[in-house]
Amino acid sequence: DRALIEVRNLTVDYVGEHSVVRAVHGIDFDIMEGEAFGLAGESGCGKSTVAFALARLTRLPGLVSGGQVRLNGEDVLKFNKARLKAYRWNEVSFVFQSAMNALNPVISVAEQIMDVIETHEPSLGSDGARARAVELFELVGIPPARLDDYPHQFSGGMRQRICIAIALALKPKLIIMDEPTTALDVVVQRDIIEQIVELKTELGFSVLFITHDLGLMIEFCDRIGIMYSGELVEVAPAEAILTDPQHPYTRALGNSFPPLTGARVRLEGISGTPPDLRSLPEGCRFAPRCPHAMERCRLEAPELRFYPTSQSEAACHLLN
Ligand code: SF4
Ligand code: MG
């Protein structure tokens, strides 16, 4: 396995007039070639902020203040305008929750897809771009006869498939999906996710997947990173998140979700809330909510370490 993306010590701040809030605090992870990597955690944990940094979409008051995001060894955070233009769509593309609402209502879908293709691959010409658009519609399961329709003529699920088609248009190596199906009903969500899995197998791209639906994530992803309060507390094979969680927060998160199959159980939620990023506790950030917190936890921040028996990385003093 080769790493496609290497995130090293990535730090992202939100810069206010009077204060700076560190939303992502020096995190490290890799996304392997052809891998679906998930980022999970409660809202505000920094997962979307990470996705934006990888996409080079961080905008003020957000500021990437440290670290590297390497794509095949090149630092994405140092790309100039020209390199960035090639990076976007050709190497990395995005599908966000609101993507389907971002389609231009007065332009046909064909034109919108062809526009992305022609801008980034002008050598194809407009016939070539049209042929690619037909191919893409087939890939995502929409009859190409509908290419010249306008966005409002499609259902929400179809519009989101169109966004996936656009994301695939330049055959990127990585697709970043932040809550790509959250606005859709459960059956449509599952259909779309299954289709992305098929496409991934067929085309070999990698995915960074973010969703609040841990069940969906475990089903879809190869590995999952669990974020808490701007840090990664565990990175593990997807199935291990439920069956062999190492970090107390991962365990609590798993317990608070309904099982993948069968009847929904009563949620065993995590008491308390994540700490205020403006006044973080000393030591482990999870300590105020952790049932296992020890003296040491309140003094010393645990570091992410690899544990061969579970094939996972976790940051918790209990483990050593
Ligand atoms: Fe709990 Fe301590 Fe582990 Fe933090 S380091 S998760 S407080 S046991
Ligand atoms: Mg989010």
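This is a predicted model: local features need pLDDT of at least 70, side-chain atom pairs count only at pLDDT 80 or more; totals for chains, interfaces and linings use all residues.
Two strands count as a pair here if DSSP finds at least two bridges between them. A total of 6 bridges join β9 to β10, strand β10 covering residues 231–237, and the two run antiparallel. Within this pair, M227 stands opposite L232 of β10. The hairpin that β9 and β10 form has 2 residues between the strands, and S229 takes a positive phi there, near 55°.

Strand β9 has another partner as well. Strand β3, made of residues 36–40, pairs with β9 in the parallel sense, over 4 bridges. One point of contact in that pairing is F37, whose bridge partner in β9 is R223. In general, the strands of a sheet pair through backbone hydrogen bonds, and they do so either parallel or antiparallel.

How covered is β9 itself? Running from residue 223 to 228, this strand has 6 of its 6 residues buried. Being buried takes 20 or more other C-beta atoms within 10 Å of a residue's own. Both faces of β9 pass that test: R223, G225 and M227 are buried on one side, while I224, I226 and Y228 are buried on the other. For the chain as a whole, buried residues make up 40% of the 320 residues.

Elsewhere, there is an open sheet of 4 strands, ordered β2-β1-β4-β5 and paired antiparallel. Strands β2 (20–32) and β5 (74–75) stand at its edges with a single partner strand each, so one side of each is left without a neighbour in the sheet. For β5, that partner is β4 (residues 62–71), and the antiparallel pairing of β4 with β5 runs over 2 bridges.

Stepping back to the overall fold, the chain holds 10 helices and 12 strands. Its C-alpha trace spans about 70 × 50 × 40 Å along the principal axes. The radius of gyration is 20 Å, which agrees with the value near 20 Å that a compact globule of 320 residues would have. Among contacts between residues at least 6 apart in sequence, 63% join residues at least 24 apart.

Finally, there is the ligand to look at. Ligand 1 has 14 residues around it, of which C284, A287, C290, C297 and C316 come nearest. What kinds of residue make up the shell around ligand 1? The shell divides into 11 nonpolar and 3 polar residues, with no charged ones.

Key
Residues are numbered from 1 along each chain as its sequence is written. Chains are lettered from A and ligands numbered from 1 in the order in which they are written. The radius of gyration is taken over C-alpha atoms; the globule rule is 2.2 Å times the number of residues to the power 0.38. A residue is buried if 20 or more other C-beta atoms lie within 10 Å of its own, exposed if 12 or fewer, and partly exposed in between; C-beta atoms are placed from the backbone. Two residues are in contact if their C-beta atoms, placed from the backbone, lie within 7 Å. A residue is near a molecule or strand if its C-beta atom, placed from the backbone, lies within 6 Å of it. Ala, Val, Leu, Ile, Met, Phe, Trp, Tyr, Cys and Pro count as nonpolar, Asp, Glu, Lys and Arg as charged, and the others, Gly among them, as polar.
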